[in-house]
Amino acid sequence: MNHEVKSAVRVLELIEYLAGCSEPVMLKDITQDLGFPKSSTHALVQTLVSLGYAIQDATERYVLVHGSRHGSAVRAQEARLLSAARPVMEELRERSGETVVISVRTGRGEVRRLAKCVSRQVVHYDVDLDAPNESYCTATGRVLLAYWDPASVEAYLARKLIVAYTPTTVTDLDALRRILADVRRQGFALNDQEYVQDSVGIAAPVRDRDGNVVAALTIWC
């Protein structure tokens, strides 16, 4: 006896399909590749969008939101952020030729990567969105720390084991505080081989309509 629910199967197939796409895809491509009727495919992807599991960008393309392990309110908030950020990330990638990543700060001051636009160059820098990523010695993390409230930053530095990942990693706490002050003053952060040897990152804050820093955009090369 077949207990499959057709609509549920299609949702899972759609999620698996989107998860395997490295770039946003048009509705017609989803319909063609999966062989679903256009009307039902549109309804399914719009359901994922409304629940924050996927985003639809300004060019009517769809992309899955990475790592949706949080509540629906957080998913929806991140989906809105990614919907606005995606075209900016793609433009930055095309103009720089490098990989672009958008990240947010966790409640404990760590970096959580949300999405990436990978460089189209044959030799390029790529990141695992789920891999650990330090805050104190990366451009991304320094932006997110620099615009956090000072008490939370001090609590982070107090509990964090500050280690050198490369010979150039800054580990002195007073020096790190000065770096964060420089980030706030200049509006961007630079990491020159402090976390990964031969890798450089430059990051800038992403603000909401009220001017609060909600994420960081980073170019990695």
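A: In this predicted model, helix 1 and helix 3 are roughly perpendicular to each other. The reasoning rests on the crossing angle: the two axes cross at roughly 70°, and angles of 65 to 115 degrees count as roughly perpendicular. Helix 3 spans residues 38-50, and its axis and that of helix 1 come within 11 Å. The crossing of helix 1 over helix 3 is right-handed.

The residues that make this contact can be listed from both sides. Helix 1 contributes Ser7, Arg10, Val11, Leu14, Ile15 and Leu18, while helix 3 contributes Ser40, Leu44, Val45 and Leu48. Sorted by class, the contact comprises seven nonpolar, two polar and one charged residues.

Covering residues 6-19, helix 1 lies across strand 1 and strand 3, and its direction makes about 90° with that of strand 3. These strands belong to an open sheet of three strands, ordered 1-3-2 and paired in the antiparallel sense. Strand 1 (25-26) and strand 2 (54-56) are the edges of this sheet; each has a single partner strand, so one side of each is left without a neighbour in the sheet. Strand 3, made up of residues 61-64, pairs antiparallel with strand 1 over two bridges. Within the sheet, Met26 stands opposite Arg61 of strand 3.

Five strands, in the order 5-4-8-7-6, form an open sheet with antiparallel pairing. Its edges are strand 5 (111-117) and strand 6 (189-192), each of which pairs on one side only. On average, neighbouring strands of this sheet are turned by 25° against each other when direction is ignored. Strand 4, residues 99-105, is joined to strand 5 by six antiparallel bridges; Ile102, for example, has Ala115 of strand 5 as its bridge partner.

The helix on this sheet is helix 5, which touches strand 4, strand 5, strand 6, strand 7 (200-207) and strand 8 (213-220). The direction of helix 5 makes about 30° with that of strand 7. Helix 5 consists of residues 139-146, and eight of its eight residues are buried, so this helix is largely enclosed by the rest of the structure.

Gln193, at 21% relative accessibility, counts as partly exposed, because burial requires a value under 20%. Asp198, at 64% relative accessibility, counts as exposed, because the exposed category begins over 50%.

Key: Residues numbered from 1 in each chain as written. Predicted model: local features only at pLDDT ≥ 70, side-chain atom pairs only at ≥ 80, totals over all residues. Heavy atoms only, no water. Pairing = 2+ DSSP bridges. Helix = DSSP H or I, 4+ residues; strand = E, 2+ residues; numbered from the N terminus. Contact = heavy atoms within 4.5 Å. Axes fitted to C-alpha atoms, helices over the stretch in contact; angles between N-to-C directions. Buried < 20%, exposed > 50% of the residue type's maximum accessible area, 1.4 Å probe, protein only. Parallel < 35°, antiparallel > 145°, perpendicular 65-115°, else oblique. Left-handed = near helix turned anticlockwise from the far one by under 90°. Nonpolar A, V, L, I, M, F, W, Y, C, P; charged D, E, K, R; others polar.
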